[in-house]
Amino acid sequence: MSSYAARRTALRQELQATGLDALLVTNLLNVRYLTGFTGSNAAVLIDATGDDKSVFCTDGRYLTQSARQVPDLERLIDRPCDIALARKAKGKLGFESHHVTVDGLEALNQAAEKAELTRASGLVEKLRLVKDEIEIEALRMACAAADRALAALIGHGGLRAGRTEREVARELESRMLDHGAEGPSFASIVAFGANSAVPHHSPTDATLHVGDFIKLDFGALVDGYHSDMTRTLVLGKPADWQVELYDLVARSQAAGRNALKPGVQLSDVDHASREVIEKAGHGEEFLHGLGHGVGLEIHEAPALSKAGDGTLSAGMAVTVEPGVYLSGRGGVRIEDTLVVRESGPELLTLTTKELVVV
């Protein structure tokens with residue numbers, strides 16, 4: 001059984017438990033998760049009964065691609081796909097209410113003459129919370145591409161006085177492509193000096209000076225899966241306050257990583273990291289949650305935050321990224337992508353977390 005067939009089997013079990021006869025999946029990332037299809041237009045009707053009687057739909061542009069990527073399902077070539085599949089559905093039909101628009105729902109109601117539409121939000125995302133080993137390998141490769149790109153950037157003098165944030169961002173993203181990435185996971189954050197105190201600073205023409213913090217938040221995309229890593233460096237000899245701030249965030253990040261165990265409350269992981277910073281008097285300068293899930297989306301469940309609801313499970317892939325931001329001076333964030341394991345978290349981003357001086 002392929003990994004996609006196994007995921008559909010798990011979803012059918014969820015549908016049976018909720019009393020649904022079928023689920024109309026229209027979110028393209030969920031379609032990819034269940035079928036392997038990577039095109040820009042598709043939907044899949046997951047039948048809850050018996051064997052895998054699911055029907056995949058796309059349009060004529062993807063006739064050849066869909067035959068290659070989705071060989072194990074009945075295919076329907078039509079558009080719009082959601083309407084075509086709704087016409088085929090019978091019984092109690094779930095739909096992705098977190099994805100379907102109000103106008104889209106009206107059209108589905110008109111098309112689903114033999115089915116009763118019912119909200120079914122987040123069923124596929126629930127399965128996506130825990131990654132299988134194929135997904136984890138894709139994440140591992142994405143993290144490796146980012147690690148190698150950063151090493152190449154540093155090793156070839158990419159971080160030198162006079163370079164702009166935009167220049168470094170472009171080079172970093174280019175080097176990720178050189179090392180196997182399909183593209184960046186997101187628009188890279190490159191922040192020099194006082195700009196490093198802005199958590200999600202967008203690169204500008206600001207130039208790098210000796211003594212500046214250099215905050216790099218970036219990731220690579222491989223097989224549709226995203227990596228996410230932040231490293232904070234210094235150009236030249238760091239000042240005492242920079243060393244102290246960096247050491248504080250490093251201790252906080254280690255506490256968060258060490259708290260990643262199956263069964264632990266999401267909010268407790270955030271607390272383990274946050275209390276290190278709060279005890280040092282910088283609690284108000286830790287401006288965001290500790291981390292987030294990562295996979296087919298750069299930000300997905302679970303959320304590691306004060307308000308995080310639920311517990312960790314083995315196989316979840318998450319980031320741990322505490323930060324302290326001193327407005328007008330500079331900030332430090334250290335972030336890793338990790339997989340929750342029974343034996344302890346597996347670290348996927350392997351670049352050193354020692355304070356690197358370039």
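**Surface patch and strand pairing**

Asp240, Glu244, Asp247 and Glu354 form a negative surface patch. The model is a predicted one, in which local features need pLDDT of at least 70 and side-chain atom pairs count only at pLDDT 80 or more, while totals for chains, interfaces and linings use all residues. Residues are numbered from 1 along each chain as its sequence is written, and side-chain values use heavy atoms, with hydrogens and water left out.

**The negative patch**

- Patches consist of residues with over 30% relative accessible area and no salt bridge, where like charges are joined within 9 Å and nonpolar side chains (Val, Leu, Ile, Met, Phe, Trp, Tyr) within 5 Å.
- A salt bridge requires a side-chain nitrogen of Lys or Arg within 4 Å of a carboxyl oxygen of Asp or Glu.
- Asp and Glu count as negative, and Lys and Arg as positive, whereas His and the chain ends are not counted.
- Asp240 belongs to helix α9 (residues 240–258); helices are DSSP runs (H or I, at least four residues), as are strands (E, at least two), numbered from the N terminus.
- Asp240 counts as exposed because its relative accessibility is 63%; exposed means over 50% relative accessible area, buried under 20%, and partly exposed in between (1.4 Å probe, protein chains only).

- Strand β2 (residues 42–47) is largely enclosed by the rest of the structure, because five of its six residues are buried.
- Strand β1 (residues 22–25) pairs with β2 in the antiparallel sense over four bridges; two strands pair if DSSP finds at least two bridges between them.
- Within β2, Asp47 is the residue opposite Ala22.
- Strand β3 (residues 55–58) is joined to β2 by four bridges, and the two run antiparallel.
- Leu45 has Val55 in β3 as its bridge partner.

**The sheet β7-β10-β11**

- Three strands in the order β7-β10-β11 make up an open sheet with antiparallel pairing.
- The edges are β7 (183–184) and β11 (225–226), each with a single partner strand, so one side of each has no neighbour in the sheet.
- Two bridges link β7 and strand β10 (residues 220–222) in the antiparallel sense, and Pro184 has Ala220 in β10 as its bridge partner.

- Strand β9 (residues 213–218) runs antiparallel to β8, with four bridges joining them.
- The bridge partner of Ala191 in β9 is Lys215, and that of Ile189 is Asp217.
- All six of the six residues of β9 are buried, so this strand is largely enclosed by the rest of the structure.
- Phe213, Lys215 and Asp217 point one way from β9, and Ile214, Leu216 and Phe218 point the other way.
- Six bridges connect β9 with strand β12 (residues 229–234), and the two run antiparallel; Met229 in β12 lies opposite Phe218.

**A loop residue**

- Ala181 lies in the loop between α8 (165–178) and β7.
- Ala181 counts as buried because its relative accessibility is 10%.
- From C-alpha to C-alpha, Ala181 and Lys53 are 35 Å apart in space, and they are 128 residues apart in sequence.

Key
Areas by Shrake-Rupley, 256 points an atom, 1.4 Å probe, with all protein chains shown as cover. Charge placed at Lys NZ, Arg CZ, Asp CG, Glu CD.
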